[in-house]
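I opened the structure to look up a few places in it. My notes follow in the order I made them.

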Amino acid sequence: MASTPRAGGSKKGPTKGSGGKNKRSLRGKGPTPKAEDRVYHKAHKATANKKAANASAQAKRRKKENGPNMVAGRNSVLEALREDVPATAMYVAGRIDSDDRVREAITLATKRGISMLEASKPDLDRLTDDAIHQGIALQIPPYEYAEPRDLLEDAADRAEAPLLVALDGITDPRNLGAIVRSTAAFGGHGVIIPQRRAASMTAAAWKTSAGAAARIRVAQVVNLARAIDELKKQNVFVVGLDMDGDVELPELTFSRDPVCIVVGSEGKGISRLIADKCDQIVSVPIAATTESLNAGIAAAVSLYEVARTRRG
């Protein structure tokens, strides 16, 4: 006996399939996106805020590095003025306890037509980023970096074998300033620094150099390894300083030739990539009870040894 259709037209039993017409709707949506990738998730907003904060910090850092700089302290300001360091303004504290250095600085600034502005101690603290300014500070324009070839040309103009220093991983501007000062003291022709993750010629570097930054040029390069390759093409002998060097500094036989001394950061030393680029790794002989030397001191000792050999 045939079955009677139900009300509404539906039949008892299985219905026909879609025949593949709704195949797309049967597909899965794939793995669940990470929380930070979901636009409306709080993790996404937190990640976006963090990226924005990092970008802002980088922008401020670039602005600080590329904007006007301040040389603080009586000796540093006076040395900078004596060496004709470009300056746009000099700030002097009101009712300053004047001495010979302050009076000479004011005289030199007046002769050069540098604007002199009176500033309170809080203003000087802010302008110098809380440095020890002793009531006087000099505003200088952004440092104009040289190219490595400029340093070689300076040596050629002096009819001398180039003596350069390259810094790998030096992040303290005071170390940079000290090395610039030592380079000037021992007849060097310039310092080479990387553009990223390295100290630059800030006010702290200027101050530590005690005016030597006006006499010794600093070259900034995008890629230190490539710059070393270019120096080697110019017959510059590249020496890397490391406590586990192949030879000790007094045994260096290439001192009279064009030389570039590579100094690494204290603790980490020279990176493996840069060490592989060096023609020789040299150690500074020190007492067994001393673990290592500060980067600035190691550079000074090495520069002295090269200068002593060249004079001999």
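**Two loop residues**

I began with N235, which I found in the loop between α9 and β8. The model is predicted, so I noted that local features need pLDDT of at least 70, side-chain atom pairs count only at pLDDT 80 or more, and totals for chains, interfaces and linings use all residues. Residues are numbered from 1 along each chain as its sequence is written, and side-chain values use heavy atoms, with hydrogens and water left out. Helices (H or I, at least four residues) and strands (E, at least two) are DSSP runs, numbered from the N terminus.

Is N235 buried or exposed? N235 counts as exposed because its relative accessibility is 65%. For this I used buried for under 20% relative accessible area, exposed for over 50%, and partly exposed for in between (1.4 Å probe, protein chains only). The phi of N235 is positive, near 65°, and the residue is not a glycine.

I then looked up D129, in the loop between α5 (121–127) and β4 (136–140). Its phi is also a positive value in a residue other than glycine, near 60°. D129 has a relative accessible area of 54%, so it is exposed.

**The whole protein**

I noted eleven helices and eleven strands. The protein has 312 residues, and 38% of them count as buried. For contacts (heavy atoms within 4.5 Å), I took those with a separation of 6 or more: 80% of them join residues 24 or more positions apart.

**Strand β8**

V238 sits in strand β8 (residues 237–241). It counts as buried because its relative accessibility is 0%. Which residues does V238 contact, leaving aside neighbours within four places in sequence? I listed I228, K232, C260, V262, C278, D279 and Q280. I also checked V238 against K277: they are 39 residues apart along the chain, and their C-alpha atoms are separated by 7.9 Å.

**Helix α3**

R74 belongs to helix α3 (residues 74–82). With a relative accessible area of 11%, R74 is therefore buried. A polar atom of the R74 side chain lies 3.0 Å from the backbone oxygen of D97. Not counting residues up to four places away in sequence, R74 touches I96, D97, D99, R101, V102, H133, Q134 and I136.

**Helix α6**

Which residues of helix α6 (residues 148–157) are buried? I found P148, D150, L151, L152, D154 and A155. An α-helix has 3.6 residues a turn, so residues three or four places apart point the same way. The buried residues of α6 pack against β5 (163–168), β6 (190–194), β7 (218–221) and α9 (224–233). After α6 comes A159, with a positive phi near 55°.

**The second largest pocket**

β10 (259–264), β11 (280–283) and α11 (295–311) each supply at least two lining residues.

Notes: A polar contact is a pair of N or O atoms within 3.5 Å; within protein, one must be able to donate a hydrogen and the other to accept it, and residues adjacent in sequence count only if both atoms are side-chain atoms.
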